[in-house]
Amino acid sequence: MTKPRPRGRGSAAKGALGRHLALAALLLLAAGAWAQQQPRQAVDVIREADLKADLFFLAADEMAGRNTTSPEAHIAANYIAAEFMRLGLKPVGAPGSYFQDFDMVIGNLDPARTTLTAKMGGAEKSFQLGHDFLWTRQSLRPTTACGPLVFAGYGIDAPEYGYDDFSGADLKGKIAMVLDREPQANDPHSKFKGTWDTYHAYNWFKIEQVRKQGAVGLLMVPSAGQRRKMGVPSAPRNFQAGPQPEHAIAGDFWDLPIFIVRRDVADQLLAPSGKTIDAVQTQIDSSGNPASFEVPGVSACLTKSFTDLQVGKARNVVGLLEGSDPQLRQQAVVVSGHYDHVGVVSGRIYHGADDNASGTVGVMEIAKAFVEGNVHPRRSIVFIAYEAEEQGLLGSYYYVTHPAVPLSDTVLNLNMDMIGRDEVSANWPTPPDKNANMVNIVGTPYDGTLRQTIDSLNQQVGLRLDYKTDKVDPESWFARSDHFWFATLHIPMVLFNTGEHPDYHTENDTWTRINYPKMAKIIRLIFLTAADAADSNGRIAFTP
């Protein structure tokens with residue numbers, strides 16, 4: 001027989017159980033609230049004293065400006081890798097390594113053997129380097145390329161805007177001539193995002209599109225007039241101080257002769273067609289339609305030559321913080337900056353404290369905030385310090401062609417380049433506060449929802465956010481750093497940047513001139529943005 005149960009025990013037990021369940025629910029809610037507040041607490045890990053110490057090391061005289069492939073650049077890479085190692089980030093470079101090594105070709109242009117000639121109506125004409133045409137970044141493989149001349153408009157294939165300069169134009173084995181920027185570039189109503197230049201406008205991307213069309217050489221025609229006002233530097237900039245070797249990534253990238261020709265030279269080459277460069281540009285801009293054509297009876301030969309060619313080793317530094325969600329951890333946010341600068345020129349050390357030891361320190365500090373702040377986002381985060389940015393965004397190009405996380409799973413790139421100074425630029429009026437609390441946010445026309453997120457998170461940080469370059473960008477910031485390649489692949493991205501100043505690319509860009517309180521606030525904002533993107537339910541959309 002069963003033992004009688006005391007009366008009233010069941011209701012008391014139910015009450016206790018209910019209280020326990022309620023307490024458990026409160027604890028879960030508190031845990032959830034703590035998880036949401038965690039990034040806000042972790043910003044305190046980002047300290048000005050730590051920024052200053054790292055910047056002091058990276059921009060010291062003994063680091064000799066961290067020129068690409070130099071011993072000092074390798075020391076900087078080791079320093080960054082050691083910090084990734086200390087934090088316990090997963091090495092995702094070469095197997096078991098934080099390094100992505102790639103070959104760089106280094107050499108000096110041979111002006112006497114770098115030539116441009118053309119045949120027009122049976123007569124041959126030679127043009128002069130430095131007067132009629134200029135050298136621009138490209139591969140360093142000695143090459144002579146000859147072929148018929150084809151005017152290929154702006155050299156753009158943009159299906160999202162229904163525009164293709166290559167449609168009906170055969171460039172295989174030929175010399176292409178293309179215009180700078182993009183159609184209707186100064187028209188607020190242009191389908192190419194108005195007066196803001198899309199990635200199609202920039203030579204970094206344009207050269208590869210022409211090469212992939214089969215052209216063997218490229219003549220680029222600059223815009224008429226000067227779009228960008230040049231400020232007065234505090235000392236000679238590196239390109240003014242003396243001759244420097246050329247650098248190029250090994251392989252097929254930009255592997256054709258590329259010269260910039262004056263507009264009057266372009267007119268001479270187009271003359272047998274009965275057209276001028278102004279006329280064909282006006283035709284395209286007024287109609288919004290391509291107008292490519294082969295120039296009758298005109299061929300050109302482009303030769304580039306070098307001395308003292310050698311191969312050096314460059315390296316990106318890449319570490320991974322694995323996400324906490326079993327499904328979302330395969331996706332990643334990329335936090336990046338470049339660590340190289342331009343080295344020593346004519347005895348002058350170009351320290352590169354702002355450009356870009358500041359962004360490099362930002363990468364390390366954000367990694368530290370996640371690890372030491374005990375923040376575990378659902379998505380993974382890839383931390384990258386690139387080399388060879390100063391040579392044409394080459395380290396980031398190597399990364400996007402050899403990604404640690406598949407590009408289809410890369411949800412956002414937050415890039416830092418020059419986040420340590422106060423903007424003083426001839427292109428923008430200086431406000432009363434001297435930009436002491438300002439940061440430029442560059443690139444949000446492609447991902448407007450990201451702007452809303454940054455604005456919201458900045459309420460905790462208190463910076464003045466400036467989006468001026470997302471309307472018109474005379475200094476071309478959108479194409480001047482490593483986020484650019486992510487945009488060309490339709491991956492949401494944004495650049496944080498504090499603008500130019502008289503010390504830009506001079507020996508006076510030193511660690512003593514950094515605005516450390518502002519730099520710390522910028523890094524905190526980027527950390528919060530990375531944490532938000534890595535933990536959100538959805539992905540930011542890229543909007544062409």
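Colleague: Leaving aside neighbours within four places in sequence, which residues is Ser305 in contact with?

Modeller: Ser305 touches Asn108, Leu109, Asp110, Arg113 and Thr114. This is a predicted model, and the contacts are computed from it.

Colleague: Where is Ser305 placed, and is Ser305 buried or exposed?

Modeller: Ser305 sits in the loop between β13 and β14 (306–321). Its relative accessibility is 15%, so Ser305 counts as buried, the cut-off being under 20%.

Colleague: What is the handedness of the link between Cys146 and Cys301?

Modeller: The link is right-handed, with 115° about the S-S bond.

Colleague: Now a helix. Which residues of α2 (residues 48–58) are buried?

Modeller: The buried residues of α2 are Leu51, Asp54, Leu55 and Leu58. They lie on the same side of α2, because the arc they cover around the axis is only 100°. The general idea is that an α-helix has 3.6 residues a turn, so residues three or four places apart point the same way.

Colleague: What do the buried residues of α2 pack against?

Modeller: Their packing partners are α3 (71–87), α8 (353–372) and α12 (516–535).

Colleague: Turning to the whole chain, how many helices and strands are there?

Modeller: There are 12 helices and 22 strands. The C-alpha atoms fill a box of roughly 120 × 50 × 50 Å along the principal axes. Of the 544 residues in the chain, 56% are buried. Among contacts between residues at least 6 apart in sequence, 84% join residues at least 24 apart.

Colleague: What can be read about the surface and the charges?

Modeller: The accessible surface of the chain is about 22200 Å², and carbon and sulfur atoms account for 54% of that area. The side chains include 52 positive and 60 negative ones, and the centres of the two sets are 9 Å apart.

Notes. Residues numbered from 1 in each chain as written. Predicted model: local features only at pLDDT ≥ 70, side-chain atom pairs only at ≥ 80, totals over all residues. Heavy atoms only, no water. Disulfide = S-S within 2.5 Å. Buried < 20%, exposed > 50% of the residue type's maximum accessible area, 1.4 Å probe, protein only. Helix = DSSP H or I, 4+ residues; strand = E, 2+ residues; numbered from the N terminus. Arc of directions from axis to C-beta. Contact = heavy atoms within 4.5 Å. Areas by Shrake-Rupley, 256 points an atom, 1.4 Å probe, with all protein chains shown as cover. Lys, Arg positive; Asp, Glu negative; His and termini not counted. Charge placed at Lys NZ, Arg CZ, Asp CG, Glu CD.
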